[in-house]
Amino acid sequence: HQGSKDWPTWLLVSSSLLTYALYLTANVLLVNLLIAMLNDTYLKTKEEAKHDWNFYRVQPVLEFASPEIHVLPPPFDLPLSSLALWGRRRPVSRRDKNCFCTVESVVPTGIN
């Protein structure tokens, strides 16, 4: 006498199939969750990279568009720029002739 009864074959087969279906469903759901999390991370990173790219693109614009740096627009200030490159340094600011005005960097404020 073993102390337990033998299970019917149909019950063993159906429980094995249900266990297999449970594991298959759990794996599909977990892979789907992983893909969704990776997609969310990718979109956040892409948005931050776009924001940073736009921010760093402002520095050259401020450098070349500032009236304190260029008396004339960039195509027309070639003689002044060439004189500055050859060693004749003079202030290019319209406001104060005793100092140079330059844009050092752009500092981000209020980044979300």
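This is a predicted model: local features need pLDDT of at least 70, side-chain atom pairs count only at pLDDT 80 or more; totals for chains, interfaces and linings use all residues.

Student: How much accessible surface does the chain have, then?

Tutor: About 10,300 Å², and carbon and sulfur atoms account for 65% of that.

Student: And the secondary structure: how many helices and strands?

Tutor: Two helices and zero strands. Helix α1 covers residues 9-65.

Student: What share of the contacts between residues at least 6 apart joins residues at least 24 apart in sequence?

Tutor: That share is 51%.

Student: OK, switching to side chains. How many salt bridges are there?

Tutor: One in the structure. It joins the side chains of Asp40 and Lys44, with 3.6 Å from N to O.

Student: How far apart are Asp40 and Lys44 along helix α1?

Tutor: They sit four residues apart in the helix, so about one helical turn separates them.

Student: Is Asp40 buried, exposed or something in between?

Tutor: In between: Asp40 has a relative accessible area of 40%, so it counts as partly exposed.

Student: New topic, aromatics. What does a search of the whole structure turn up?

Tutor: One aromatic pair. Phe55 and Tyr56 make up that pair, and their geometry is edge-to-face, with 5.3 Å between the centres and 70° between the planes.

Student: Why does that angle make it edge-to-face?

Tutor: Because planes over 60 degrees apart get that label, and here the angle is 70°.

Student: Is Phe55 buried or exposed?

Tutor: Buried, because its relative accessibility is 17% and the cut-off is under 20%.

Student: Last one: which residues form the nonpolar patch on the surface?

Tutor: Trp7, Trp10, Leu11 and Leu12, with about 500 Å² of accessible area together. Leu12 belongs to helix α1, and at 45% relative accessible area Leu12 is partly exposed.

Definitions and conventions: Residues are numbered from 1 along each chain as its sequence is written. Side-chain values use heavy atoms; hydrogens and water are left out. Rings of Phe, Tyr and Trp (its six-membered ring) pair if their centres lie within 6.5 Å; planes under 30 degrees apart count as stacked, over 60 as edge-to-face and the rest as tilted. Buried means under 20% relative accessible area, exposed over 50%, partly exposed in between (1.4 Å probe, protein chains only). Patches are made of residues with over 30% relative accessible area and no salt bridge: like charges are joined within 9 Å, nonpolar side chains (Val, Leu, Ile, Met, Phe, Trp, Tyr) within 5 Å. Accessible areas come from the Shrake-Rupley method with a 1.4 Å probe; for residues, only the protein chains shown count as cover. A salt bridge is a side-chain nitrogen of Lys or Arg within 4 Å of a carboxyl oxygen of Asp or Glu. Contact means heavy atoms within 4.5 Å.
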